[in-house]
Amino acid sequence: MKRFKYTIILMPLLGMLLLSCDKFLDVNTDETLKGDATMQELLPTAQFYTAEASFQQAYVACQYAQQLGSALGANGIDTYAETDNTLGWSNLYLYALPQLNAIIEKGQEEGASAYVGIAKVLTAYNLGIATVNWENVPYSQADQKNFSPAYDTQEQVYATIVRLLDEANTELTGNTGAKPGTDDLIYQGDMAEWIRLAHSLRARYVWHGSLRNPQQAAQSALASLEKGMKGNEDDFQLQYNSKNLSPWYSKVAIPNTTGNLSVTFTNTIVDLMNGTTQGVADPRLSKVIGLKNNQTVYSGVVPGSGSGSTVDLNSKAWHSNINSPLVMMSYSELKGIEAEARMVLSGAATGTSAEGYAAYQAMISSNMKKVGVADADIDAFLKDAKINVGASKLTAKHIITEKFKSMLLNGDIWTDIRKYNYLDFPMPTNANPDLQGKRIQRMKYPDSEITRNSKTVLANQKDPEVAMWLISK
């Protein structure tokens, strides 16, 4: 059993696990190793840091994908500037993965198959974050006895992700040992939900590799999604509230309103929603994108310029208000995967099956329902001729454009944008000259990792414009 090099545990306040989930962040930070932590103590902490890693990835990746842009001027990440996402790496390798590994070990010792299954699902998800950020990453040799582990290749990581999810499904269907309850902050111990998530994530990560073997990826993804999420109620998300604050609210929205600007929405995403790009206004616009004080017209920041924005990532927007969940995977995303996969199986560059077209429509409608769009507005949008193109005229660009909107502030959208060569998005102003006119493809390894494991890092580090194994055909 693998043991990670670092284990730092957040300990819940006394009585936390006896209370409802809205108090899950009532924790004290204990920076010392607590070797006797129970699975019930480890699980909520591991889930919290999984969400933190998701946020850190999205904060960077959504700038590269041109959903977000810097509000600070012309020298932000949105210029394709290299960044190492040190906080994201730390959340993965110092917090989430070590605790998940401890849960697996304890669960196997105690015969608690539910805990083992949940921890394997979350481990697979965290590895997915890691590899789409940095490509080759430590895992199989990352134990306490090896302080300079070799990195697994991206191909190996994806094989590990699929194996973990398959193993998780076996564990989750077992009926032995302790069962989680309120310590499971995501599904409150509902094993059926975790099984659906495992299949859904399997569809996501299999579909990541669709450029390498489209037909095989499509067939495998469709087989998994048949057992995946059935509606928005199955979404993989961590719910926050007015006491336990969402990171989009506490780390971005509130600082933005007090003059400590960081990021806002780009003209790329805003123009897709205000009618400029598609010729039809998206009714999600006022739900998910805020306006600056006294502004009435929606204009996003031009990537790389720090200017041109009337919009704000503020506390009124759906993803960043005081009660917002942090969405890590949604039913809408799954329907987008289905739409893409069915188009591949149709064998044509344009057009899809009736099932594929229905999935395209369901991707849009389910996300609109999630963010609070009225049924009449959903119906009107879906019937507009610019959206309702018909199964025979549907293209991959139609699907990925709507997926781009439906996966707002979900860092995994950067994977799709790279797969589709950044669609037809304009290059950022003041783009990083080191890329020589090419698009950014990866984050760089953290300086702290270079210090600890320099030879391995240098052997795996590639220039930022070099496509990952995943994206290479």
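This is a predicted model: local features need pLDDT of at least 70, side-chain atom pairs count only at pLDDT 80 or more; totals for chains, interfaces and linings use all residues.
The structure holds 15 aromatic pairs. One of them joins Tyr80 and Tyr422 in an edge-to-face arrangement, with 5.8 Å from centre to centre and 70° between the planes. Tyr80 lies in the loop between strand E3 (68-70) and helix H2 (86-110), whereas Tyr422 lies in the loop between helix H14 (413-419) and helix H15 (447-452); the pair therefore ties together parts that are 342 residues apart in sequence. Tyr80 and Tyr422 are both buried. Ring pairs also link Trp89, Tyr93, Trp134, Tyr151 and Tyr445 into a cluster. An aromatic ring meets a charge at Trp414, where the charged end of Arg418 sits over the ring, 3.6 Å from its centre.

Salt bridges in the structure number 22. In one of these, the side chains of Lys462 and Glu135 meet at 3.4 Å, N to O. This pair links distant parts of the chain, since Lys462 belongs to the segment after helix H16 (454-460) and Glu135 to the loop between helix H3 (113-134) and H4, 327 residues apart. Lys462 is partly exposed, with a relative accessible area of 33%, whereas Glu135 is buried, at 2% relative accessibility.

A salt bridge between the side chains of Lys405 and Asp282 has an N to O distance of 2.8 Å. This pair, too, links distant parts of the chain: Lys405 is in helix H13 (residues 396-406), Asp282 is in the loop between helix H8 (267-273) and helix H9 (285-288), and 123 residues separate the two. Both Lys405 and Asp282 are buried. Together with Arg284 and Glu402, Lys405 and Asp282 are linked in a network of salt bridges.

Arg196, in contrast, is partly exposed, with a relative accessible area of 22%.

Asn169 is placed in helix H4 (residues 154-172). Because its relative accessible area is 11%, Asn169 counts as buried. When residues up to four places away in sequence are not counted, Asn169 touches Ile195, Ala198 and His199.

How values were computed
Residues are numbered from 1 along each chain as its sequence is written. Side-chain values use heavy atoms; hydrogens and water are left out. Rings of Phe, Tyr and Trp (its six-membered ring) pair if their centres lie within 6.5 Å; planes under 30 degrees apart count as stacked, over 60 as edge-to-face and the rest as tilted. Helices (H or I, at least four residues) and strands (E, at least two) are DSSP runs, numbered from the N terminus. Buried means under 20% relative accessible area, exposed over 50%, partly exposed in between (1.4 Å probe, protein chains only). A charge sits over a ring if NZ of Lys or CZ of Arg is within 6 Å of the ring centre and within 35 degrees of the ring normal. Contact means heavy atoms within 4.5 Å. A salt bridge is a side-chain nitrogen of Lys or Arg within 4 Å of a carboxyl oxygen of Asp or Glu.
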